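Hello,

Here is the model I promised to pass on.

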Amino acid sequence: MRKKAIIAMSGGVDSSVAAYLTKERGFECIGATMKLYDNEDIGLPRGHTCCSLDDFEDAKSIAYRIGIPHYVFNFSDLFCEKVIAEFVSAYLNGATPNPCIDCNRFLKFDKLLMRAKELNCDYVVTGHYARIEKDETTGRYLLKKAADSTKDQSYVLYSMTQEQLSHTLFPLGGYRKTQVREIAERLGFCTAKKHDSQDICFVPNGRYAEFIEKYTGKSSSKGDFLDADGNLLGRHGGIIRYTIGQRKGLGISAKKPLYVTKIDPAANTVTLGREEMLYSKRFTASDLNFISVAAKEADFPMRIKAKIRYRGPEQPATLTRIDTDLAEIAFDEPQRAVTKGQAVVFYDGDVVVGGGTIR
Amino acid sequence: MQIYLDNAATTKMSKTAIEAMLPYMDGIYANPSSLHLLGQQANEALFHAREKIAGLLGCDAGEITFTSGGSEADNQAIVSAARIGEKQNKKHIISTAFEHHAVLHTLERLEREGFEVTLLDVNENGVIHPRQVAEAIRPDTCLVTVMYANNEIGTVEPIAEIGQICREKGVLFHTDAVQAAGHLKIDVKEQNIDMLSLSAHKFHGPKGVGALYARKGIRLTSLMEGGAQERGKRAGTENIPGIIGLAAAFEEACENIDRNAEKTTYLRDMLIAGISEIPHSILNGDAKKRLPGNVNFCFEGIEGESLLLCLSDKGVYGSSGSACTSGSLDPSHVLLAIGRTHDIAHGSLRLTLSEENTEEEIKYTIAAVKEIVAYLRGFSPVWRDCVSGKKDFIIK
């Protein structure tokens, strides 16, 4: 019997081509677009024709063009609970969250995968740039970087479990983005020239502080800017407006440029300092997930390369376990702006060893 | 096996309607406003169709305006009543919380213009009490609009009683009868209805055509500017084949109304009895005061989307909630209005029958629903939590 796959189609070029490639490989395909929020949820009027509705239409038109059925699944309750609420709570706690990771974890590879199983599908397919391979010696599924290193998305996928990896296909893992666009253009897909998504999908225009204030119904309370010694430097506009390493928009004049070095949600203070103060060698991470090795069998301390932001470089480090769900990462060289709430992902060459959330 | 149980969404066209329409696409295709003989023949057909529909509703031909369907008729009725009210400084409208969006969204637009809208509670059984209307009417009320029968849960409202109250109080009364027309007996004079909307494709007529009855003397507001068709109240060349199809289908439905109702009611009650055997399921809407063809259930621990797709795989075509333009399923405002919680409203199933369904189909459907509900509950974390006692069942 033909294997069945659900393709997560966002209405973008990548998932369009992923759907096409999966169909070409002989799978029986179902296209699915997840409805993740209502306009009202993100502070847009109901009547406003949002871009996401256009994206639904784009996804549908691609699905029909390649000859597969297409459904819209309404997962907005779950998205609100697992992604939006967590996003807001992280900012209120002085962290800088990565909601795309939560969306992958709770929506694409959990909820959608469950829906796939309900509908007798063997796989969930997405347009991520990453590769999944089975290690025949250990029997484990490996998550590896994409062939196109400039587009590699393995960082946002580190939370995938063995069960999820065994039921997931990333058809674009071996392609370059330019090839994907070429395929889309050759097939006349309306999505061929669409821009890559940059912003957080549910925060219109990237104005996340406004979004959080609307969501909580409270304007964030102003507080003090301090220097490293606790001296008052000025007033800040609410901690949610700042992230570690930020220099712009502080409204403080100083001889040398000042950067955000620390956010203290309890005291409602933001500490500023010179750039060299952003560098640190050690930090801890929790909410750990291991992929290439079973968490129980992992051999610590472990030499890995750690990546602490999506667009950042990997740096050699030593990983030590402190507790079941707590690890310490010690870089060989100090790194700039280790930011609470972001993910740290451990690599061994092209292979994702695992990852966690920076504490 | 293909079992169509989505007749509230739309119906299959009847042979009678199709055959009635064909000559008006092929032979008598002229514009009814044209002076030549062919045009006059088309105009004559239009006249007879209008007379026929008026006769079936118990009104005069001059009181019927053809529209593009139920939504347009609802829009025009409500906007017209609002414009009439406005002139007398009456800017209050009474409706219910579970109307079709064609009504609710029109009311929302009027609210933005400064009208005040009271939405009556539809109670747990989905039926309002005429007393609620009487109590809500104020000196500045210009319109009461209450649907004849609900499109999701099929409950039938006490239209004649509401009509009488409105007549006594001198308030215009409109009813959205899109689900009722052709299925329940309607007499607009006897039931004191001032305005009524209907749509052809809900009773085996064609899509894209409907009618608005407005009692003589009620000045309709035109929603579209253009020619003087429909006495200047609805511009645009008349959809002659559609109107002929509407009239033919409506006549056929009304002639057979008792027999059809008897048959579908029998099948409906059989389907309700069968599905009720599923533990932790509940029928939505009053069991008796409902349309002959409507079955609507909620199931604990199930999502409507999965249920529908699994049923579709087995050849049973039902629906759930109300499909928005994107085709996604939002928790139904109707189910929320009768007090179902958000979680439960997600797990609803609407099966709507026609007289063409058979006992065999209903038996097959009952077995399929039972099997799929059990299968999907096997995946459901909510169901697992309920069974293990971690969470209370919402549906006992």
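Before the notes, a word on naming: helices (H or I, at least four residues) and strands (E, at least two) are DSSP runs, numbered from the N terminus. H280(B), for instance, is found in the loop between α9 and β9 (281–283) of chain B. Residues are numbered from 1 along each chain as its sequence is written, while chains are lettered from A and ligands numbered from 1 in the order in which they are written. Please keep in mind that this is a predicted model, in which local features need pLDDT of at least 70, side-chain atom pairs count only at pLDDT 80 or more, and totals for chains, interfaces and linings use all residues.

Chain A, domains

The domain bounds come from an automatic or database domain assignment. Chain A is split into domain 1 (4–205), domain 2 (220–273) and domain 3 (280–358). The centres of domain 1 and domain 3 of chain A, taken over C-alpha atoms, are separated by 25 Å. Where these two domains of chain A touch, 18 residues of domain 1 are in contact with 16 residues of domain 3; contact here means that the C-beta atoms of two residues, placed from the backbone, lie within 7 Å. Strand β6 (residues 140–145) of chain A gives the most to the domain 1 side, with five residues. By class, that side of domain 1 of chain A has 10 nonpolar, five polar and three charged residues. For the classes, Ala, Val, Leu, Ile, Met, Phe, Trp, Tyr, Cys and Pro count as nonpolar, Asp, Glu, Lys and Arg as charged, and the others, Gly among them, as polar.

Chain A, local features

Y155(A) sits in the loop between β6 and α5 (162–166) of chain A. Is Y155(A) buried or exposed? Y155(A) is buried, because 25 other C-beta atoms lie within 10 Å. The cut-offs are 20 or more other C-beta atoms within 10 Å of a residue's own for buried, 12 or fewer for exposed, and anything in between for partly exposed, with C-beta atoms placed from the backbone. Leaving aside neighbours within four places in sequence, Y155(A) is in contact with K307(A), Y310(A), A343(A) and V345(A). Y155(A) and H167(A) are 12 residues apart in sequence, and their C-alpha atoms are 19 Å apart in space.

The peptide bond from F300(A) to P301(A) is cis, with omega near -10°. P301(A) belongs to the loop between β12 (279–290) and β13 (302–307) of chain A.

Chain A also has a helix pair to look at. The axes of α1 (residues 13–24) and α6 (residues 177–186) of chain A come within 9 Å and cross at roughly 70°; axes are lines fitted to C-alpha atoms, for helices over the stretch in contact, and angles run from 0 to 180 degrees between N-to-C directions. α1(A) and α6(A) are therefore roughly perpendicular to each other. (Angles under 35 degrees count as roughly parallel, over 145 as roughly antiparallel, 65 to 115 as roughly perpendicular and the rest as oblique.) The residues in contact are V13(A), D14(A), S16(A), V17(A) and Y20(A) of α1(A), with V180(A), R181(A), I183(A) and A184(A) of α6(A). They divide into six nonpolar, one polar and two charged.

Chain B

Chain B has domain 1 (15–255) and domain 2 (257–387), with C-alpha centres 29 Å apart. Each side of the contact is made by 19 residues.

Helices α9 (residues 257–276) and α13 (residues 359–377) of chain B pack at an angle of about 20°, with axes 9 Å apart. That makes α9(B) roughly parallel to α13(B). Their contact takes L267(B), M270(B), L271(B), G274(B) and I275(B) from α9(B), and E359(B), I362(B), T365(B), I366(B) and V369(B) from α13(B). By class, this contact has seven nonpolar, two polar and one charged residues.

Helix α10 (residues 304–313) of chain B is mostly covered, with seven of its 10 residues buried. Among them are L307(B), L308(B) and L311(B).

Most residues other than glycine have a negative phi. In H280(B), however, phi is positive, near 55°, and H280(B) counts as partly exposed because 19 other C-beta atoms lie within 10 Å. Phi of N192(B) is also positive, near 55°, and N192(B) lies in the loop between β6 (172–176) and β7 (195–199) of chain B.

Best wishes
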